[in-house]
Amino acid sequence: MIGKVLKVIVVVSILGVPNPSSAQTINSVKGNVINSKNEVLLGNALVISPKDSTIITGTSFFEGKFELLDLEAKKLLLKLTSLEFQDTYVSIVFNGSPHIDLGNIIVAEAQTELEEVVVISKTPLVKERADGSIEVKVENTTLATSTSVSEILSRSPGILIDEDNSVQVFGKGAAVIFINGLRVANERLSTLSPSNIKSIEIIGNPGPRYDAEGNAVINIITKRDSEEGSKGSIRNYYSYSDFAGYDNRTNIDYNYSKGKWSVNGNYGLQNGNDRWGWKTSRTRDLAENFFKSNIKADSRSKLENFSNYGLGLQFNVTVDSYLSLEYNGAYEDLGGTMLSENTITDNEIGIYNSILTRDDTTLKNTLNANYYSKIDSLGSNLFVGGQYSAYNNDFDNDIDESNSIDGIERNALINNKGDNNINIFSVQSDYTKAFENTHLLELGVKYGNVNINSETLFFDIDTIGAPIRNETLSSNFEYDEIVPAAYINYRGSISDSVNYSFGLRTELTGIKLVTSVDGGEIIEDNYIDFFPNASINARLSKGLSAYLTYSSRINRPPYNRLNPFVVYQDAFTSIRGNRNLQPSKVHSIELGGTFDNWSLKTGYNYTIGPITGGAFQSEDNSREYILQQVNVSKEHAFFATLSKNINLKWWKSINNLSLSYNKLVDDTETFDIRPSRPYYYAYSQNTFDIQDWFTLYVTGWHLSDMQDGIKLRKGQSSVNVGLEKKLFNNAFTCNLDFNDIFYGVMYDGGYRIGTTDVIYANQLNTNYVRLSVSYNFGKLKESKYSNKNVGETENKRVQY
């Protein structure tokens, strides 16, 4: 950095006789940071340790004003830091009042240019919030070496990825994904560059502002620079595993900002291999109806061209308002093969082999437009945003069957082609009214529309190569869903230490489903739901706080789980959606608290009509099984999580230990009910700064055996180790990662459905070594515009 950092020491010490009341420490500090021109500035206010400069707590400010709460100390060292001004230190001593107002703090301007573009933050890896939600830092951590958003989520604390690739939050269940506060479909994740993610919010008790769908919310926060100038990065990841082979991904990000305008662009390219293998046995051990099926499958995917790209533009209309437009897209060309062998023993012995050759192309496009305006100095604001997404998938797969039935060979060739198109449109408006007593009234409306149109065609190829349409397997599907919604929420305080909120969200759902399966059917339905939410949190004493929340949610079936078209696995196994799936309703209550760096949360979830799945025997063919999801009666779930975070100068650590007990109840007698058992989840992420030489990352987690009353899921675990070295004034970074060293991530389990016992085992491509290198370039300089971050903290809305 050009020049030396000026360290200004301001001592605030008002002498007086201490108040003999219980408040003998500094509880809060606030101030207003300005320069010599009386212009408000943006930056960070940090309370640091005078011994080793370790950050104890901190906050960001965007219009000069900041406030730090729950300090509980007699002496403090405050550090004000920003690229807009030189580092300023303020020593604060208790003066008899627990609330310190520093007034205007005049700081010296920074040098006009920075030779470095990378600012290494030493803030804690995880921030615990008063309502039990947490923010997990991604930037400059081991999570930043991930090659996809899904991989980042799978390596984050408390987040689990099921065998069907659905995202779960431990103790809560299925989660829905938001990006910068806006709901997105899971298909959108592959359009987002992993190097553009700053942090992840895990919200176990989302309020009325969020869509009512899902047991929890995962909000992905993307990076955004506040300084003028240009900045870019190039990162390449090369991964190799004995199981799948190589995989390579390259990301390029570039940002430019000047005056009221800022622009962002990114491109990523991934190619290589992926692999998934599984074994399944299905047994009907009855003398009059004996049946045994042993399946071995090996899916070897070829990522021919997986590209993602994005472009964003923002114009700051005034200091307090902005307009933004963002485009994200992806092109995915998937090839490869799936080999399957199904050995069936009943009244004859048959070996059914098949090779499926893929030709699969997906195109994804998303466009966002947003407007934000801060209305008054108290923080009242208005947000209006719209989003349109289109996901188009085309496939043309050849299936070569080679079967042996009691020694007699039979061959067949099948062609499966089709398309699947999803279009999503949503528009929303949020208004927040702030009052002088710091209370907030939040109001909002949203309109969402989803349209799905898909067709799958199966052709039997005869001996001369002519295709003959298979009417039994071929089908088309159309689905329309409209969900207008409105919410109201009020936030207030009973005292300086007790805050509360309560609100209500209502959603009117209208659906129309048209399918040609089973002779054709039209399903239409309309229903309205109300989702109340309430919470209260309190600071009880020094470093001790507690909260209590209640929320109600809905889990609508994923779109692909409603589509009844056939996804081929082998001659006697297919995946099909269930058009009769119904939404499940969830009521949750959670009690928790924090003490210093410890936190404890406990909760209970009651779900009406939960969705589960299995292999169902076909009514038309006793050998055939259909993988499908169904509703069961209800589920009771209890959980408790104890967390301990460590934030030292050389060692930072996130540690969670969770215990859960789930009990599914099935009055339909579809599944064989077994006694439920509690299970646990342990997670630890550690960062060690080894002098100035390198950084060592060690992450491990373990999930024990889980028996929820229907399914037994065997335990799994993962240990990951990474090394990071920064060179050339932090412009160049090199990472070496060893993922799932002991190959403990397996999806194994079993269940009984009807008269069939099912046992399964899955092997995924999780054991690999990865080398990644990145280079940061460009220069930033002092912004001449007063505020480049309008509304980010208030709304967390899309600003790319």
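Predicted model: local features only at pLDDT ≥ 70, side-chain atom pairs only at ≥ 80, totals over all residues.

Is Ala 615 buried or exposed? I looked up its relative accessible area, which is 2%. Buried means under 20%, so Ala 615 is buried.

**Entry: around Ala 615**

I placed Ala 615 in strand β37, which covers residues 611–617. Next I listed what Ala 615 touches, not counting residues up to four places away in sequence. The list holds Arg 282, Tyr 625, Ile 626, Leu 627, Tyr 751 and Ile 753. I also checked Ala 615 against Asn 294: they are 321 residues apart in sequence, yet 13 Å apart in space, C-alpha to C-alpha.

**Entry: the whole chain**

I then zoomed out and found three helices and 49 strands in the protein chain. The radius of gyration is 28 Å, close to the 28 Å that the globule rule gives for 800 residues, so the chain is as compact as a globular protein of that length. I noted the spans of the C-alpha trace along its principal axes too, about 100 × 50 × 45 Å. Buried residues account for 53% of the 800. Of the contacts between residues at least 6 apart in sequence, 67% join residues at least 24 apart.

For the surface, I wrote down an accessible area of about 35100 Å², with 57% of it belonging to carbon and sulfur atoms. The chain has 75 positive and 94 negative charges, and their mean positions are 8 Å apart.

**Entry: nonpolar cores**

Which residues have the most contacts inside the largest nonpolar core? I found Leu 153, Ile 218 and Ile 220, in a core of 35 residues. Leaving aside neighbours within four places in sequence, Leu 153 is in contact with Ile 159, Val 167, Ile 177, Leu 189, Ile 200 and Ile 218. Apart from this core lies another, of 22 residues, including Val 33, Phe 66, Ile 92 and Phe 94.

Last, I went through the phi angles. Most residues other than glycine have a negative phi. Asn 729 has a positive one, near 60°. I found Asn 729 in the loop between β45 (716–727) and β46 (732–739), and it is partly exposed, with a relative accessible area of 48%.

Tyr 743 also went on my list, with a positive phi near 50°. Where does Tyr 743 sit? I traced Tyr 743 to the loop between β46 and β47 (746–753).

Definitions and conventions. Residues numbered from 1 in each chain as written. Heavy atoms only, no water. Helix = DSSP H or I, 4+ residues; strand = E, 2+ residues; numbered from the N terminus. Rg over C-alpha atoms; globule rule 2.2 N^0.38 Å. Buried < 20%, exposed > 50% of the residue type's maximum accessible area, 1.4 Å probe, protein only. Contact = heavy atoms within 4.5 Å. Areas by Shrake-Rupley, 256 points an atom, 1.4 Å probe, with all protein chains shown as cover. Lys, Arg positive; Asp, Glu negative; His and termini not counted. Charge placed at Lys NZ, Arg CZ, Asp CG, Glu CD. Core = buried A, V, L, I, M, F, W, Y, C linked by side-chain atoms within 4.5 Å.
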